[in-house]
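Dear colleague,

Please read them alongside the coordinates.

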Amino acid sequence: MAGHKHNRKAAVPRPPRRRFVARSLAVQTSRLHVVDETSAGGLVVKVENGKPYVAVIARRNRAGKIEWCLPKGHLEHGESAESAATREIAEETGILGNIVSPLASIDYWFSSGDRRVHKVVHHYLLEFVEGEITVENDPDQEAEDAAWFPLSEVSKRLAYPNERRVVAIALDLLYPETRP
């Protein structure tokens, strides 16, 4: 093979340049209209026979799969986060609760259709007052099911890591002596 020149450039295709891909993604997202949304909800805790339970709801995600999550919803014009949390929880679960303490605010971004959404969700710890758990009065009909889950096990059911962290904050607040 001496004397034979092998042209590597012609034989091996070059991979796409990363910078080009990143630049094209930046152009796509910069064209999306940015929308700010604020929601509120939280954990309603009910104690039965000395054991705490939390009200959660089941919703369908964009792929059509059922996901368990904490009840929450958008603030109405002029409404406080606290008022929205108690109203949304009552609408989605049939449960009335009193706010005991703020827990956490989750701040995240997502794309939906032709817009980029910046969302902040305020979560509160609520004490159960009254009501039967149901989704029958959900005006948006987003919640497909609602149920009480033991507080110690609810994180295993929740679909979103941020909501599992909110439950951990509630556990630290309610039972500080048992947490490491």
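N49 is exposed in this predicted model, with a relative accessible area of 84%, and it sits in the loop between β1 (33-48) and β2 (51-60). Its phi is positive, at about 55°, although N49 is not a glycine; most residues other than glycine have a negative phi.

Turning to charged pairs, a search of the whole structure finds eleven salt bridges, of which I describe some here.

K119 forms a salt bridge with E37, and the closest N and O atoms of that pair are 3.8 Å apart. Because K119 lies in strand β6 (residues 115-130) and E37 in strand β1, the pair ties together parts that are 82 residues apart in sequence. Both K119 and E37 are buried.

R60 forms a salt bridge with E144, with 2.9 Å between the closest N and O atoms. This pair also links distant parts of the chain, since R60 belongs to strand β2 while E144 lies in the loop between β6 and β7 (145-150), 84 residues apart. R60 counts as partly exposed, at 46% relative accessibility, and E144 is likewise partly exposed, with a relative accessible area of 41%.

Finally, the side chains of E79 and R87 meet in a salt bridge at 2.8 Å, N to O, and both residues, E79 and R87, are buried. Through salt bridges that share partners, E76, E79, R87, E88 and E91 are joined into one network.

Best regards

Terms used:
Residues are numbered from 1 along each chain as its sequence is written. This is a predicted model: local features need pLDDT of at least 70, side-chain atom pairs count only at pLDDT 80 or more; totals for chains, interfaces and linings use all residues. Side-chain values use heavy atoms; hydrogens and water are left out. Helices (H or I, at least four residues) and strands (E, at least two) are DSSP runs, numbered from the N terminus. Buried means under 20% relative accessible area, exposed over 50%, partly exposed in between (1.4 Å probe, protein chains only). A salt bridge is a side-chain nitrogen of Lys or Arg within 4 Å of a carboxyl oxygen of Asp or Glu.
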